[in-house]
Amino acid sequence: NYRSSQTILDAANALIAHNHGRIEKDLFSSIESDRKIETFQAQDESQEPLQVARDITRARKEGLEYRDIAVLYRSNYLSRGIERVLGKLRIPYRIYGGIRFYERQEIKDMLSYLKLITEPDPEDPAQKSLDLAVMRVINVPRRGIGARTVEKLQKEAADRGLNLLEVLRDPQTVSGAAAKKFAPFVELVDEMKSLRASVPLDELMMRMAFDSGYMAMLKDTREEDREENIEELQADIRQALQENPDLTLEEYLQDLSLFTDRDEEAGNAVSLMTVHAAKGLEFEQVHIVGLNEGVFPSLRAMEEAGRDGLEEERRLMYVALTRAKKALYLSWNSGYSFQLDRHKTPSRFIQEIPEDYVKQESTPLDNYPVHKSPQGQSRKSRGRAPKPTTRLRKGDHVEHTVYGAGVVTDVQKDIVSVAFGHPNGVRKLNMHHPSLQKVKG
């Protein structure tokens with residue numbers, strides 16, 4: 001092997017030796033290095049990408065180019081948290097062999113469904129963005145609505161100065177057979193609007209995904225990856241609510257639009273990709289994220305193929321390890337997995353790498369607050385650590401892991417308004433969220 005250091009190869013050899021029936025062979029390298037593999041155990045899924053970003057920033061300051069760094073993950077949905085943080089910190093990145101999370105078809109579809117239940121936008125009196133959302137999902141899943149019918153609706157809306165939802169609600173415009181096709185769509189929008197005040201936003205999005213028939217459509221076509229992406233969008237909303245429990249749907253979509261308006265970086269950028277896409281590639285520094293049992297190795301792969309599935313997962317991990325030339329970081333997160341419906345545990349692959357090759361950079365799991373099962377808890381309280389004793393007051397100086405330095409301008413119970421520098425402005429945040437720390441002024 002002319003790529004990886006001997007330490008990385010020794011770790012990879014030790015890992016793959018757990019596979020049965022493997023022809024015994026050991027790779028060796030002429031690249032000697034006493035640098036160990038660094039591991040990080042995050043307190044929750046929001047902290048893992050922050051640590052990755054810190055390590056990337058540190059490497060960049062030490063002279064490493066962004067193009068020499070890669071972040072690898074087992075499944076596409078895991079790119080979401082990394083993309084969010086890298087984008088906000090202005091760290092250039094590109095998705096290698098894939099599509100950015102918020103640009104994936106099912107994510108755009110669900111965001112369009114959410115757009116349908118927002119309040120009117122005073123900056124968009126013609127409600128053009130609402131019409132675009134209607135056009136995107138009015139026939140997804142299929143409702144037997146033809147293109148000519150939609151064109152007639154658009155013309156009617158333009159002639160009367162109405163938006164498409166107003167036209168759909170008008171019995172003079174829509175009647176007969178067409179009314180039967182449009183009625184379930186309009187009823188869905190109205191029902192979801194009525195639930196906004198009583199149902200948390202993350203649960204509302206998922207309910208819309210089911211009630212619209214969208215999740216059933218994906219199940220019928222056996223598109224598990226797209227189902228996982230929608231579940232990850234729910235996790236994104238849940239994280240946003242944990243940081244700001246008063247967050248509105250309109251604020252969430254606005255924040256997302258500012259993030260997604262940026263062009264994809266080319267040239268000198270960090271590469272984000274699945275382990276499958278990484279085969280044959282090499283990088284000076286590699287981060288393997290989401291190393292939780294059931295994620296990598298994949299629970300689905302193990303359930304479908306038993307030991308053969310597990311051994312294929314281990315071969316994938318072997319591939320991931322040996323993409324790194326000098327620096328290798330492994331990370332996972334604790335807390336509760338809503339997708340797996342159980343407490344998160346480190347991947348068995350972490351345990352299969354001898355301690356001699358590993359340097360732990362995080363607090364052991366035993367020192368973290370115990371995350372109890374969410375049964376019987378409200379969604380907003382699930383998986384949260386106990387509140388710290390330090391409280392913030394007006395005028396306090398703070399540091400946010402994404403928005404940087406700021407000053408507290410207002411305090412309302414546990415919610416603080418913090419003025420950050422351009423372009424972040426004033427943000428309402430949960431003062432107990434781990435991303436916000438008090439600093440000496």
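**Buried side chains and aromatic pairs**

Modeller: This is a predicted model. Lys-344 counts as buried, because its relative accessibility is 15%, and buried means under 20%.

Colleague: Where does Lys-344 lie?

Modeller: Lys-344 is in the loop between β8 (342-343) and α14 (348-351). The side chain of Lys-344 makes a polar contact of 2.5 Å with that of Asn-333. Leaving aside neighbours within four places in sequence, the residues in contact with Lys-344 include Glu-45, Asn-292 and Tyr-336.

Colleague: Is Arg-226 buried or exposed?

Modeller: Arg-226 has a relative accessibility of 14%, so Arg-226 counts as buried. Arg-226 is part of helix α11 (residues 224-243). Not counting residues up to four places away in sequence, Arg-226 touches Gln-105, Glu-106, Asp-109, Tyr-214 and Leu-218.

Colleague: How many aromatic pairs are there?

Modeller: A pair of aromatic rings is described by the distance of the centres and the angle of the planes. The count here is two aromatic pairs. In one, the ring centres of Phe-101 and Tyr-102 are 5.0 Å apart and the planes stand at 85 degrees, so the pair is edge-to-face. Phe-101 is buried at 0% relative accessibility, and Tyr-102 is buried at 4%.

Colleague: What is the arrangement of Phe-296 and Phe-349?

Modeller: Their centres are 5.7 Å apart with planes at 85 degrees, so Phe-296 and Phe-349 form an edge-to-face pair. This pair links distant parts of the chain, 53 residues apart: Phe-296 is in the loop between β5 (283-288) and α13 (299-321), and Phe-349 is in helix α14. Both Phe-296 and Phe-349 are buried.

Note on methods. Residues numbered from 1 in each chain as written. Predicted model: local features only at pLDDT ≥ 70, side-chain atom pairs only at ≥ 80, totals over all residues. Heavy atoms only, no water. Helix = DSSP H or I, 4+ residues; strand = E, 2+ residues; numbered from the N terminus. Buried < 20%, exposed > 50% of the residue type's maximum accessible area, 1.4 Å probe, protein only. Polar contact = N/O pair within 3.5 Å; in protein donor to acceptor, adjacent residues only side chain to side chain. Contact = heavy atoms within 4.5 Å. Phe/Tyr/Trp six-rings, centres within 6.5 Å; stacked < 30°, edge-to-face > 60°.
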